Amino acid sequence: MIFHMPQTKIAVPNLKIDNIKIECVENCNYLGIILNKHLNWNSHIDKIAPKISRTIRVLNKLKHFLQHHILLTIYNSRISQNINYGILWWGYNPDSITLIQKEAVRIITGSKYNAHTEPMVKNLKILRLWIS
């Protein structure tokens, strides 16, 4: 993998070890974090957003049958781990993950789809991904 800015055109060198050509890739999975050649986190977010969204759909169906503390436990075990893993690497303000997290908070608290989530996050004592 050759890291470079998106605006820069890079000629891929012909690298060989023992006459075996080394393949140049655009994405690489390193300890569960997807790195791409531009060192932005779009590939990683594209990987975790569907995982989180599937769990959100399950939460949305279960909210009619389970108490809020059980929904919070499901959030902490299935969603929070995906958001928090490697957050120091990719921990900027990714809009798609932020929206998914806000949706989860609204489901857990039984709030309307457009309710303000900051007080809910404080009440639930969960790590807030977005910056006010």
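Predicted model: local features only at pLDDT ≥ 70, side-chain atom pairs only at ≥ 80, totals over all residues.
Residues are numbered from 1 along each chain as its sequence is written, and side-chain values use heavy atoms, without hydrogens or water.

The chain contains 5 helices and 4 strands. Both are DSSP runs numbered from the N terminus: helices are H or I with at least four residues, strands are E with at least two. The order from the N terminus is β-β-β-β-α-α-α-α-α. The C-alpha trace spans about 60 × 30 × 20 Å along its principal axes.

Contacts were counted between heavy atoms within 4.5 Å. Of the contacts with a separation of 6 or more, 55% join residues 24 or more positions apart. Buried residues account for 31% of the 132 residues. Here buried means under 20% relative accessible area, exposed means over 50%, and partly exposed lies in between (1.4 Å probe, protein chains only).

The chain carries 17 positive and 7 negative side chains. Lys and Arg count as positive, Asp and Glu as negative; His and the chain ends are not counted. The centres of the two sets lie 10 Å apart, with each charge placed at NZ of Lys, CZ of Arg, CG of Asp or CD of Glu.

The structure holds 3 salt bridges. A salt bridge requires a side-chain nitrogen of Lys or Arg within 4 Å of a carboxyl oxygen of Asp or Glu. One of them pairs lysine 37 with glutamate 26, at 3.7 Å from N to O. This pair links distant parts of the chain, 11 residues apart. Lysine 37 sits in the loop between strand 4 (33-36) and helix 1 (42-62). Glutamate 26 sits in the loop between strand 2 (20-21) and strand 3 (27-30). Lysine 37 is partly exposed, at 22% relative accessible area.

Glutamate 118 and lysine 122 form another bridge, with their closest N and O atoms 3.7 Å apart. Both residues belong to helix 5 (residues 118-124) and stand 4 residues apart, about one turn of the helix. Lysine 122 is exposed, with 61% relative accessibility. Glutamate 118 is partly exposed, at 22%. Glutamate 118 also bridges to arginine 128, at a closest N to O distance of 3.5 Å. Arginine 128 lies in the segment after helix 5, so this bridge ties together parts 10 residues apart in sequence. Arginine 128 is partly exposed, at 31% relative accessibility. Shared partners join Glu118, Lys122 and Arg128 into one network.

Leucine 71 is located in helix 2 (residues 68-84). Leucine 71 is buried, with a relative accessible area of 1%. Beyond its neighbours within four places in sequence, leucine 71 contacts Leu59, Leu62, Lys63, Leu66, Ile107 and Ile108. Leucine 59 is 12 residues away from leucine 71 in sequence, and their C-alpha atoms are 6.8 Å apart.
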